[in-house]
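The following briefing concerns the structure shown below. It is arranged by topic, with the conventions given where they are needed.

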Amino acid sequence: NPTDLLSEGIINDAVFTDATATVLGSFVFSGVGKRRNSIARLLLGNTALPVTFTLFTATRRLQNVHLQWTTANEQNNRGFTAERSSDGINFRYIGFVNAIGNGNSSQVANYQFTDIEPGTGILYYRLKQTDLDGTFAYSEVRQVQMANSTPFTIVPTVANTEVIAQVPVNSNGKPSFVQLIDPLGRVLKEQKVNGDTVRFSVERLPEGAYYIRLQTVNKNASIQRFIVQH
């Protein structure tokens, strides 16, 4: 019963399938007694993961991005959806790769997919693995930097009072926007770039992982992750 987790944290929302529950909330992190805003995937009962990933890479090859992944064990695997994002939060479908054989294997299986129209800027890729019954799970996210991006830095990467985005000046002089985004993808604050630094106060934010997103005038987006820890 997921409500039993209330002794260790707070669940704000949940999505259930027959075998899993994906929950959003604030949970105790790594047994240190401090809560973090998190997304958790719970296995209901003694359910084994349908696919075991041993490798997932995203590599730039000229103007393309080549995805490669390897599995060591598959159970009732339908296949993999490749997804791309320009901001690290909102992902969209770019292709599907069927499972090798009948989707059941205890041998190493190698897969690949090439994104032939990735665009520019810093791009993010993930895999959505889907079972024959429709149950799905996501891989880790991989980052690739293509040409014509507008990189920026943030300091510090672990903050308790303030985070500073150090932004390059646009050659056309038009302002970009910098956004502070919470772990659920919601924009908490937005500022125009009028100089080379943008400051956000984080002292009242709950502990956890947050993001700073730079939106340029040519619609490219770059994103950096930081941690709020009081």
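Glu-83 and Arg-126 are both buried, buried meaning under 20% relative accessible area, exposed over 50% and partly exposed in between (1.4 Å probe, protein chains only). The model is predicted: local features need pLDDT of at least 70 and side-chain atom pairs count only at pLDDT 80 or more, while totals for chains, interfaces and linings use all residues. Residues are numbered from 1 along each chain as its sequence is written, and side-chain values use heavy atoms, with hydrogens and water left out.

**Salt bridges**

- Six salt bridges are found in a search of the whole structure; the term denotes a side-chain nitrogen of Lys or Arg within 4 Å of a carboxyl oxygen of Asp or Glu.
- Glu-83 and Arg-126 form one of them, with an N to O distance of 2.7 Å.
- This pair connects distant parts of the chain, since Glu-83 belongs to strand 6 and Arg-126 to strand 9, 43 residues apart; strands (E, at least two residues) are DSSP runs numbered from the N terminus.
- A salt bridge also joins Asp-115 to Arg-84, whose closest N and O atoms are 2.5 Å apart.
- Because Asp-115 is in strand 8 and Arg-84 in strand 6, the pair ties together parts that are 31 residues apart in sequence.
- Asp-115 counts as buried at 5% relative accessibility, and Arg-84 counts as buried at 9%.
- The side chains of Glu-162 and Arg-199 meet in a salt bridge at 3.0 Å, N to O.
- Here Glu-162 lies in strand 14 (residues 162–166) and Arg-199 in strand 17 (residues 197–201), distant parts of the chain 37 residues apart.
- Glu-162 counts as partly exposed at 31% relative accessibility, as does Arg-199 at 46%.

**Nonpolar cores**

- The largest nonpolar core comprises 19 residues, and Val-65, Leu-67, Trp-69, Tyr-111, Phe-113 and Tyr-125 have the most contacts inside it.
- At least two residues of this core come from each of strand 4 (51–61), strand 5 (64–74), strand 6 (77–85), strand 7 (92–98), strand 8 (109–115) and strand 9 (122–131).
- Another core, of 18 residues, lies apart from it and includes Ala-159, Val-163, Val-198 and Phe-226.
- Such a core is a set of buried Ala, Val, Leu, Ile, Met, Phe, Trp, Tyr and Cys residues joined through side-chain atoms within 4.5 Å.

**Backbone geometry**

- Val-155 and Pro-156 are joined by a cis peptide bond, with omega about -10°.
- Pro-156 sits in the loop between strand 12 (153–155) and strand 13 (158–159).
- Asn-76, a residue other than glycine, has a positive phi near 55°.
- Asn-76 is located in the loop between strand 5 and strand 6 and is partly exposed, at 41% relative accessible area.

Notes
Helices (H or I, at least four residues) and strands (E, at least two) are DSSP runs, numbered from the N terminus.
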